[in-house]
Amino acid sequence: MKKVICLLLLMLAVFCLAACNDNNAAEPDPSQNGADPNQDIVEPPVDMLTIGTVYNASVVNIRAEASTEGRIIDNTIRGQMFTVINYDDANTWHQISYRGEIGYISAEYLYVNQWEDNQAVTIATVKETVNIRQNPAETAAVLIGALKGEQYMVTGEDDGSGWVKVSYPDGMGYVSSAYVDVRQTTINEAVN
């Protein structure tokens, strides 16, 4: 009987030691299973949008076909943005999405950029005709005249000086903050 009790106690001790060793087991070395511990984590691909911004004219026609003979669907003003479909920089016309329809704008009047889907942007919408100037001063050289309703990307917000720095296809300039409404949005929401 003593032999059976000793054997049971021995088995219990072995079992306890085995359980303790499993709890104190070291983390496996990733290099042992072929993984490189220095390898960068791969981020999922970012969806990109192709956005065209109207420029080079105050008013531009949106046409039903890619031709000056195409029926005019509507017109739009400088600074308006549209999603470009099947972009090819060799095209003389760009296919756009316009109010649920397909339309075309001459490449001569559409500045095209790539944007991350839902990228945060700050937009300045012109409240009344105003000049975009080379420097933040009323006496600075005029770069372009901006008409009511035109939109520009803000690259520097009013720091108390009364001026907002904006970009347009040909460069950057300053507009008096009294003449624009500035809003935070996403590129998706800024597109017509």
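Visitor: Which residues does Val166 touch, leaving out those up to four places away in sequence?

Guide: In this predicted model, Val166 touches Ala124, Ile132, Tyr152, Met153, Val154, Thr155, Gly171, Met172, Gly173 and Val175.

Visitor: And what is the other core that lies apart from it?

Guide: That other core has 11 residues, and Ala57, Val60, Phe82 and Val112 are among them.

Visitor: Back to the largest nonpolar core: which of its 13 residues touch the most other members?

Guide: Those are Ile132, Tyr152, Val166 and Val175. Two or more residues of this core come from each of E8, strand E9 (130-133), strand E10 (142-146), E11 and strand E12 (163-168). The largest share, three residues, is given by E12. As a general matter, nonpolar side chains in soluble globular proteins tend to be buried together.

Visitor: Is strand E8 largely enclosed or open, and why?

Guide: Strand E8 (residues 120-126) is largely enclosed by the rest of the structure, because five of its seven residues are buried.

Visitor: Which strands is E8 joined to by bridges?

Guide: Seven bridges join E8 to strand E14 (residues 180-186), and the two run antiparallel. Within that pairing, Val121 stands opposite Thr185. Three bridges join E8 to strand E11 (residues 151-156), also in an antiparallel arrangement. There, Ala124 stands opposite Tyr152.

Visitor: Changing topic, how many salt bridges does the structure hold?

Guide: The structure holds three salt bridges. One of them joins the side chains of Glu150 and Arg78, at 3.2 Å from N to O. This pair links distant parts of the chain, 72 residues apart: Glu150 is in the loop between E10 and E11, and Arg78 is in the loop between E3 and E4.

Visitor: Are Glu150 and Arg78 buried or exposed?

Guide: Glu150 is buried, with a relative accessible area of 0%. Arg78 is buried too, with a relative accessible area of 13%.

Visitor: What about the salt bridge of Lys127 and Asp181?

Guide: The side chains of Lys127 and Asp181 meet at 4.0 Å, N to O. Lys127 is partly exposed at 36% relative accessible area, and Asp181 is partly exposed at 45%.

Visitor: Which residue does Asp74 meet in a salt bridge?

Guide: Asp74 meets Arg99, at 3.5 Å from N to O. Asp74 lies in strand E3 (residues 72-77), while Arg99 lies in the loop between E5 and strand E6 (101-106), so the pair ties together parts 25 residues apart in sequence. Asp74 counts as partly exposed at 25% relative accessibility, whereas Arg99 counts as exposed at 67%.

Visitor: How many aromatic pairs are found?

Guide: A search of the whole structure finds two aromatic pairs. Tyr55 and Tyr111 form an edge-to-face pair, 5.9 Å centre to centre with 80 degrees between the planes. Tyr55 lies in the loop between strand E1 (48-54) and strand E2 (59-63) and Tyr111 in strand E7 (residues 110-116), so this pair ties together parts that are 56 residues apart in sequence. Phe82 and Tyr98 form a tilted pair, 5.9 Å centre to centre with 55 degrees between the planes.

Visitor: Finally, where does pLDDT stay under 50?

Guide: That is the case over residues 1-18, for which the model has zero contacts beyond four places in sequence. The chain averages a pLDDT of 83, and 78% of the residues score at least 70.

Conventions
Residues are numbered from 1 along each chain as its sequence is written. Side-chain values use heavy atoms; hydrogens and water are left out. Rings of Phe, Tyr and Trp (its six-membered ring) pair if their centres lie within 6.5 Å; planes under 30 degrees apart count as stacked, over 60 as edge-to-face and the rest as tilted. Helices (H or I, at least four residues) and strands (E, at least two) are DSSP runs, numbered from the N terminus. pLDDT is the predictor's confidence in each residue, from 0 to 100. Contact means heavy atoms within 4.5 Å. Buried means under 20% relative accessible area, exposed over 50%, partly exposed in between (1.4 Å probe, protein chains only). Two strands pair if DSSP finds at least two bridges between them. A nonpolar core is a set of buried Ala, Val, Leu, Ile, Met, Phe, Trp, Tyr and Cys residues joined through side-chain atoms within 4.5 Å.
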